[in-house]
Amino acid sequence: MSDVMSRPIPAPAVTLESKPFWDAAAQGRFLVKRCTACSKAHWYPRTICPFCASDATVWEESAGEGEVYTFSIMRRSPTGPYAIGYVTLDEGPRMLTNFVDVEPEALRIGLRVKVRFQPTEGDGPPAPVFAPIAEQ
Amino acid sequence: MSIKGKAYVMGAFEHPTRDAPDKTTAQLHAECAKGALEDAGLSFADVDAYFCAGDAPGFGGLSMIDYMGLRNVRHMDSTETGGSSYLVHVGHAAQAIAAGKCQVALITLAGRPRNGGNRPGASLRPGGGGSGLSDGPPEAGFEHIYGGSTHNTYGMAAMRHMHEFGTTSEQLAWIKVAASHHAQWNDHAYLKDVVTVEDVVNSRMISDPLHLLDCCVVTDGGGAVIVTSPEVARGLDRPRVRLLGAGEAPKGVLGGDIDLTYSGAVWSGPRAFDEAGVTPADIKYASIYDSFTITVLMQLEDLGFCRKGEGGKFVADGNLISGIGKLPFNTDGGGLCNNHPTNRGGMTKIIEAVRQLRGEAHPKVQVPNCDLAVAHGTGGSLGIRHGAATLILEREA
Ligand SMILES: [Zn+2]
């Protein structure tokens, strides 16, 4: 782990619906919501499935792996360059995130990445960010 | 036209809860929607219009549309008049239905004043729930923490477009070059200097792959337009610009199905063109929202001025410059060079289209015999969620 392309992350706004996600994040576990009616996973997590409107949605533990769908590197910020982007999770949904611990030149679409949890400011729960999976 | 007899209230649902410590306001909106649709024997997929007031969590109606997974919305309204908003909405829905803009309008209200949630009339910022929980926009915790700005979220769309279609920074630069050719004639333009492709691609990188000169200007200011009935218009001593078609569409992250290679213009454009009974080939002048160069390129593709993926080739070599190219665009210099008042470029897009149709644009950029124009806008973020709107305007002979 390094400070390359890291930025301080503010505490996320936790809602009643998202609290199980953030509680799990505090334990280092990454959850996605899946609908048992249409079997699709979605992001961000909701009570009612955004694909079929069923309320039969359940939390599911994920390895938090996927690939970079797109990104953009903000070159100037008070804490240095950082990358925002979408990762396409292996479960299917694309989620917004920051890519960390990667040199700007090494970040590319299609790169395999894995979740890690970064502490947030104040006493907020840690936030999911993604870093490259080390190539063997 | 009257709304008399043109619309029916076919579904209604009052949520049974009177105290909801265990639900978010967004969830209550969705449960009310589900209840009313079930009452009517309809589904979320049938909804083609969405109405909420200003107290709904998020960004106008866009956050709730995305939250509920409404994919067929073609009419949106977030008129806020406090507690009477929903009666206003029924009236507005009837107008839209009578005009053929939609067939199934969903109107929702929800809130949690007993539990510290958003209150009508209170601040629209995320309200505190019990135990420090938020009851604000449902996406906030998953999106607002990552340092998203207009620059980097539009940058994400540009990066993906380049990856899928081979679009280049030089091609994007041509859009700024065309805008600057127009702005040189506009005394009020914030940037009046003509720039080259090299100037754009050599300007400093703001957020990959967008350079400083891929971005619009930041300006104070504003604008206004007046829309009248035909009777009033005929009594006025000004060239008459007639609205032939209007289309609108939200686009969000779609439960994680987001595809950044297209914008909501793929839906709003055909609606407006179909209503007007014209095609992109008929258009003489185009006002195209230009928060960034990539915004223009994607909207031109999505509106049908060229095929998806071929926007780079379409905008190159001065094709958007009045008097030189096939599709004169943003002849005031646009948001890229002239004006982007209070970071909202839609008003100036309408205004320059009106100037062109009246024949009142600067003589150096006036399109000869300009009798048909399009004005199109993307509000919000191309890279996350936005509202697209298209107008087809005609000079009445
Ligand atoms: Zn489902």
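Contact means heavy atoms within 4.5 Å. Helices (H or I, at least four residues) and strands (E, at least two) are DSSP runs, numbered from the N terminus. The model is predicted: local features need pLDDT of at least 70, side-chain atom pairs count only at pLDDT 80 or more, and totals for chains, interfaces and linings use all residues. Residues are numbered from 1 along each chain as its sequence is written, chains are lettered from A and ligands numbered from 1 in the order in which they are written, and side-chain values use heavy atoms, with hydrogens and water left out.

**View 1. Helix α13 of chain B and its cover.** Helix α13(B) covers residues 346-358. Buried residues (under 20% relative accessible area; exposed is over 50%, partly exposed in between; 1.4 Å probe, protein chains only) of α13(B) include B:Ile351, B:Val354 and B:Leu357. Among the elements that cover the buried residues are β6 (241-251), β8 (372-380) and β9 (386-395) of chain B. Just after the helix, B:Gly359 takes a positive phi of about 75°.

**View 2. Helix α3 of chain B.** The 14 residues of α3(B), 85-98, reach 20 Å from first to last C-alpha, close to the 20 Å expected. Tyr86, His89 and Ala93 of chain B are among the buried residues of this helix. Their cover includes β1 (49-51), β2 (75-77) and β3 (105-107) of chain B. B:Gly100, with a positive phi near 80°, follows α3(B).

**View 3. The zinc site in chain A.** The SG atoms of A:Cys35, A:Cys38, A:Cys49 and A:Cys52 coordinate the zinc ion at 2.3 to 2.4 Å. Donors are N, O and S atoms within 2.8 Å of the metal (3.2 Å for Na, K and Ca); water is not among the atoms, so sites may look incomplete. The donor residues are spaced C-x2-C-x10-C-x2-C in sequence. The arrangement is tetrahedral because the four donor atoms subtend angles of 102 to 118° (four donors count as tetrahedral if all angles lie between 85 and 135 degrees). A:Cys49 is buried at 0% relative accessible area, whereas A:Cys52 is partly exposed at 34%.

**View 4. B:Thr378 in strand β8.** B:Thr378 lies in strand β8 of chain B and is buried, at 1% relative accessibility. Its side chain makes a polar contact of 2.5 Å with that of B:Gln299. A polar contact is a pair of N or O atoms within 3.5 Å; within protein, one must be able to donate a hydrogen and the other to accept it, and residues adjacent in sequence count only if both atoms are side-chain atoms. Leaving aside neighbours within four places in sequence, the residues in contact with B:Thr378 include B:Tyr154, B:Tyr289 and B:His386.

**View 5. Two cis peptide bonds.** A cis peptide bond with omega of about -10° joins A:Trp43 and A:Tyr44. A:Tyr44 is placed in the loop between β2 (41-42) and β3 (57-62) of chain A. In chain B, the peptide bond that joins B:Asp208 and B:Pro209 is cis, with omega about 0°. B:Pro209 sits in the loop between β4 (205-207) and β5 (210-211) of chain B.

Conventions. Four donors count as tetrahedral if all angles lie between 85 and 135 degrees; four count as square planar and six as octahedral if opposite donors are over 155 degrees apart and all others between 65 and 115; anything else is irregular. The expected span of a helix is 1.5 Å times one less than its number of residues.
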